[in-house]
Amino acid sequence: SDHMENIYGYLMKYTNLVTGWQYRFFVLNNDAGLLEYFVNEQSRHLKPRGTLQLAGAVISPSDEDSHTFTVNAASGEQYKLRATDAKERQHWVSRLQICTQHHTEAIGKNNPPLKSRSFSLASQGSANSPGVQRRPSQNAVSFFSVGHHRLPTGKRVPIMQPDHLVDVREMMSQAEGQQRDLIRSIECLPVSGHLTSLDQDLLMLKATSMATMNCLNDCFHILQLQHASQQKGSLPPGTTISWLEPKISLANHFKNGAAQNFPTEINKPASVREEQSIAEPCQLTREPEEINPDEELEDISDDKEDDLGAVEEQRSVILHLLSQLKLGMDLTRVVLPTFILEKRSLLEMYADFMSHPDLFIAITNGTTPEERMICFVEYYLTSFHEGRKGAIAKKPYNPIIGETFHCSWRMPKSDVATDAGSNFSAHSPSEQVTLSKDLEGQTELDYYTVKFVAEQVSHHPPVSGFYAECVERKMCVNAHVWTKSKFLGMSIGVTMVGEGLLSLLEHGEEYTFSLPCAYARSILTVPWVELGGKVNINCAKTGYSASINFHTKPFYGGKLHRVTGEVKQNTTNTVVCRVQGEWNSVLEFTYSNGETKYVDLTKLSVTKKRVRPLEKQGPFESRRLWQHVTESLRDGDIDKATEHKRALEERQRNEERLRAETETPWCTKYFLKEGDGWVYHKPLWKTVSAAQTQQTDTN
């Protein structure tokens, strides 16, 4: 009883992103089981500004500091509070927990146990029955009665011991059976009428119940491993505590009224039959093809993805798909609905990262290693903004194995920043001609050419290789990326596993770099993209390195798309440049001499890439390969786009099955496997080395 006295005092309360933290006067009313707050102590006699019922609430000290704690009410409302010091926080937390426990137990004593825990649909009789005639104000969830098991009055819940795991497993089995009955009841509903199997409230109930059971199973698995470790003294060698693999088949995730009915073979459009009948890729020419940049034309397509379009219309399908997924699940083999796709391949998205070729070429213009590293960091940070097509997060096509993408950029020499310290005329005419046949007759051209090629070199795991070069400036970049996607609840995370290598052959320098993770947030409302994680750029020869942090938005406060970084000389551990800002807005570079430079990405000029017309592209080049899917998406015909996409995927599976049966290895076209990575078959560093050797022999 000494601990049940009413307490009051000032605490800071987090209000919202605009007003942030504000002092408010809080009162703990133990008799009523309420936490109330007022603007100040003087207004205490007035009506409270806010009230939380503490019965069933959870009081949690925060990990972010020693002063903050949260009060999570059973209603779902939450107060985030901050005391003046750790001692005061402990005082409030302990009193709130005592009051919460007292009133939670009182509810249990005053309410008799229900007969059973059941999930049952209301009457499914005729259309005139009350169960079918749904009132507009009636929520779909109200059609389900949910009871709960309760221990007899006066008995406390014992602390869970290892030998109780059998009882827990039995209770969970019962819950799983009831959850299956719930799903079955929903799926038995008609697809039309007042209450349907595609009702968004019911689909949300399916998704949350499935996620709850999956989470409970994962937690039970962890408890079993901990029990085993207690018995054996330690976990068995090689054992890891992680999310379980999914138990639910995703092959039929379009069922429940959302199945896609594809036409039979005889009724398929000619374009679909063509997609399915393309010969086995290894039977086509797999010899590298030299693309003539003069055949490429400036790209006129502008497929911005700023319209939600079918995403809003198909939200019920998304909800149904989410109900089949589980936290941490690898999405590599999950076939996602067509309407969430953007109108380009992942290989083309990598090319769009090169949309500022002037900044790319300018890297080699730096007169010192420090300048070149800073120029590379500037180019690196400006590449991601244009790589996104609009503010809406959509997914590029998954490239099929053997798919390629070619393009180039022409950059007027007058638009590329130069330094007096760079002597570009140092190369002899003979060396210029020997470097590449592409330079023949072009010594008088007033533009630089940056060529790009990408290839999907592996299907499982999905690995892409891409390469870009500017022969005139003796610079090239080679990279391979393995995209690993995971389901994170209301978002999807994509990890870019791999490494890139930038070679500045004029200076004999190589820069290794990695890529950040990407996240599609708010996938049920308006999906948007943010980047996260730490990336590193290193040049072993010069001893310069850069560390860049892409910050994801915190739950409370903070800015979107924030990035910070620094460039350092490793030998002296001296920071020569710091950068901060947003990767899709304004970046601020602060140099060691005190100077500051601002880069507004929204005002940077974008150079259009040049692509060959479709009729000149090979059958496995991205735009020709996906042309029917892209056209259908542009026309808003989701069913037709899905049909074409499915035909491509079926062909890829058939080819993979044939290679497995005949034990035929896949042969790549442009990239060769070297160690754990993939390298372009004819990188510029080999060409330049051969040219220099030939020139030496001539002399």
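**Entry 1: N217.** I started with N217, which sits in helix α3, residues 200-232. The model is a predicted one, and I read every value below with that in mind. Is N217 buried or exposed? Its relative accessible area is 9%, so I logged N217 as buried, the cut-off being under 20%. I then looked at M172, which is 45 residues from N217 along the chain. The C-alpha atoms of N217 and M172 are separated by 8.1 Å.

**Entry 2: the chain as a whole.** The protein chain has 699 residues, and buried residues make up 46% of them. I found 14 helices and 26 strands listed for the chain. I also checked how far apart in sequence the contacting residues are. Taking contacts in the chain with a separation of 6 or more, 63% come from residues 24 or more positions apart.

**Entry 3: cysteines.** How many disulfides does a search of the whole structure find? The search returned zero. For reference, a disulfide is a covalent bond between the sulfur atoms of two cysteines. I looked up the exposure of two cysteines. C99 has a relative accessible area of 0%, so it goes down as buried. C188 has a relative accessible area of 55%, so I noted C188 as exposed, the cut-off for that being over 50%.

**Entry 4: P412.** I moved to strand β11, residues 404-412, where P412 is found. P412 came out as partly exposed because its relative accessible area is 31%, which lies between the 20% and 50% cut-offs. Which residues does P412 contact, leaving aside its neighbours within four places in sequence? I found D446 and Y447. Y447 is 35 residues from P412 in sequence, yet the two are 4.0 Å apart in space, C-alpha to C-alpha.

**Entry 5: strand β15 and its partners.** I followed strand β15, residues 492-504, through its pairings.

- With strand β14 (residues 475-487), β15 pairs in the antiparallel sense over 13 bridges. I checked W482 here, and its bridge partner in β15 is V497.
- With strand β16 (residues 509-513), β15 pairs in the antiparallel sense over five bridges. S503 stands opposite E510 in β16.
- With strand β17 (residues 517-521), β15 pairs in the antiparallel sense over three bridges. I492 stands opposite A520 in β17.

**Entry 6: cavities.** How many cavities of 30 Å³ or more are there? I counted three. The largest cavity holds about 180 Å³ of space. It is lined by 13 residues, and the closest to its centre are F353, Y379, S383, F466 and F513. Which element gives the most to this lining? I found that to be helix α9, residues 369-387, with five residues. I then sorted the lining of the largest cavity by residue class. Twelve residues are nonpolar, one is polar and none is charged.

**Entry 7: cross-check.** I went back over two items. F513, one of the residues closest to the centre of the largest cavity, falls within the range 509-513 given for β16. Y379 and S383, also among those closest to the centre, fall within the range 369-387 given for α9.

How values were computed. Residues are numbered from 1 along each chain as its sequence is written. This is a predicted model: local features need pLDDT of at least 70, side-chain atom pairs count only at pLDDT 80 or more; totals for chains, interfaces and linings use all residues. Side-chain values use heavy atoms; hydrogens and water are left out. Helices (H or I, at least four residues) and strands (E, at least two) are DSSP runs, numbered from the N terminus. Buried means under 20% relative accessible area, exposed over 50%, partly exposed in between (1.4 Å probe, protein chains only). Contact means heavy atoms within 4.5 Å. A disulfide is a pair of cysteine sulfur atoms within 2.5 Å. On a 1 Å grid over the protein atoms alone, a cavity is a set of points where a 1.4 Å probe fits but cannot get out, and a pocket is an open set with protein on both sides within 12 Å along at least five of seven lines; lining residues have an atom within 4 Å of a point. Grid points are joined across faces, edges and corners, and a volume is the space filled by probe spheres set on the points. Ala, Val, Leu, Ile, Met, Phe, Trp, Tyr, Cys and Pro count as nonpolar, Asp, Glu, Lys and Arg as charged, and the others, Gly among them, as polar. Two strands pair if DSSP finds at least two bridges between them.
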